[in-house]
Amino acid sequence: MLKKRNLILIIFFLITVIFSYTSIIFCSNKYTKEENNKVIKNHTIKTHSWYNTGHHNLDGGFINPWEKEFESPGFKGFMWVMGKLFKFIDYPKTPSVEINKKILFSKNPEFKIFWIGHATTLIKLGDLYIITDPVFSLTAGPTSFTGTSRKTPPAIEISNLPDIDIVLISHNHYDHLDKSSILEIKEKFNPLFMVPLNVKETLLDWDITNVIELDWYQYIEYNNLQINCTPAKHFSQRSIADRDETLWASWYVKSINSKYSFFFAGDTAYSPHFKEIGEKLGAPTAALMPIGAYKPRWFMSRVHVNPQEALQGFLDMKAENFIAIHWGTFALADEPFHEPMKETTKIAKEMQISAEKIHILPIGGYFSVDGKNE
Ligand SMILES: [Zn+2]
Ligand SMILES: [Zn+2]
């Protein structure tokens, strides 16, 4: 017989595990206030002329403006989550290389992107180092023992990173906003954190105050960079009753004194936003596109692109280079672990996209504008 205390612990564990997988199923909303053209720590938040609040839910929170009706996956979704909990699979090792520290720390080339794993990339643009959705933990979840365990270690430890200037956060899911990584980065580098609307509150709760939050199509100018918060088709949730209360976003960063720019898609489904961003802000030098966590399609197509859609989004934006992210690190969905890289290569060929533009980097690998990649 189980002791009562053990039984309670097991029930608590199961509830936490189930919640960490079921964040897609539950739904609730709260109101958010609009903020324009204000000054935070000498950074003026500016708003593009085409800015609108079509993605603000009148009842509170946010919506995907391209999808009027939210259809909950309901019981079928719940059963998928339960099935996932009890699936035990051996995952193949994702290709990885030792990070090239000489390239990482050198001044040239002035624009380079390293894949650290999942949606975490390290970018040098001009004189600044930018990190996207830094997740270095062994588990993506509410606690270190619940959530999705990491299958591939990060390419570098936080303690070995160059001096980070800016952290870009796409949304509050645990595989993108990792408290322990954020705290360690803050402690070591005290960078500027850029977050979508309403995510600032979470960082303030963690005693991080150097935070700017933006709405879609708001931007700041910071040390020769224009940093734009741009749309994504996704959702947010960090606890059982905060569904869509905070905004999800992509980011588009342009160098003001050079021709280079990058688009970080965050987590997203396919929608007209790729074309719109390309038309409004121009074709980026590099588009960091998610390619994993897309099956089953009845469930995932509303929140994650598959490789074909990621490539279509890249074409919609007329981006110059495709950098694959969000695969080979956490096993979040049903597709075989390495299917995203195989499918992306195959479909890019079918779509007659030049192989030189498609960069499926190993973990630790880099893309740079001098044409050298590894
Ligand atoms: Zn997400
Ligand atoms: Zn994700």
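Which residues of the largest nonpolar core touch the most other members?

1. The model is predicted, and the points that follow should be read accordingly. The largest nonpolar core has 90 residues. Those that touch the most other members are M194, F263, A287, L288, M289, I323 and A324. Strand 4, which spans residues 111-117, gives the most to this core, namely 5 residues.

2. Residues up to four places away in sequence being left out, A287 is in contact with F263, A265, F314, M317, A319, F322 and I323.

3. L214 belongs to strand 11, which covers residues 211-214. L214 is classed as buried because 25 C-beta neighbours lie inside 10 Å, the cut-off for this class being 20 or more.

4. The contacts of L214, again without residues up to four places away in sequence, are I45, M194, P196, Y219 and C229. I45 is 169 residues from L214 in sequence, yet their C-alpha atoms are 7.7 Å apart in space.

5. Strand 7 (residues 139-143) and strand 8 (residues 146-149) pair in the antiparallel sense, with 3 bridges. The two strands form a hairpin, with 2 residues between them. Within this pairing, T139 stands opposite S149 of strand 8.

How values were computed:
Residues numbered from 1 in each chain as written. Chains lettered and ligands numbered in written order. Predicted model: local features only at pLDDT ≥ 70, side-chain atom pairs only at ≥ 80, totals over all residues. Helix = DSSP H or I, 4+ residues; strand = E, 2+ residues; numbered from the N terminus. Buried ≥ 20, exposed ≤ 12 C-beta atoms within 10 Å, placed from the backbone. Contact = placed C-beta atoms within 7 Å. Core = buried A, V, L, I, M, F, W, Y, C linked by C-beta atoms within 7 Å. Pairing = 2+ DSSP bridges.
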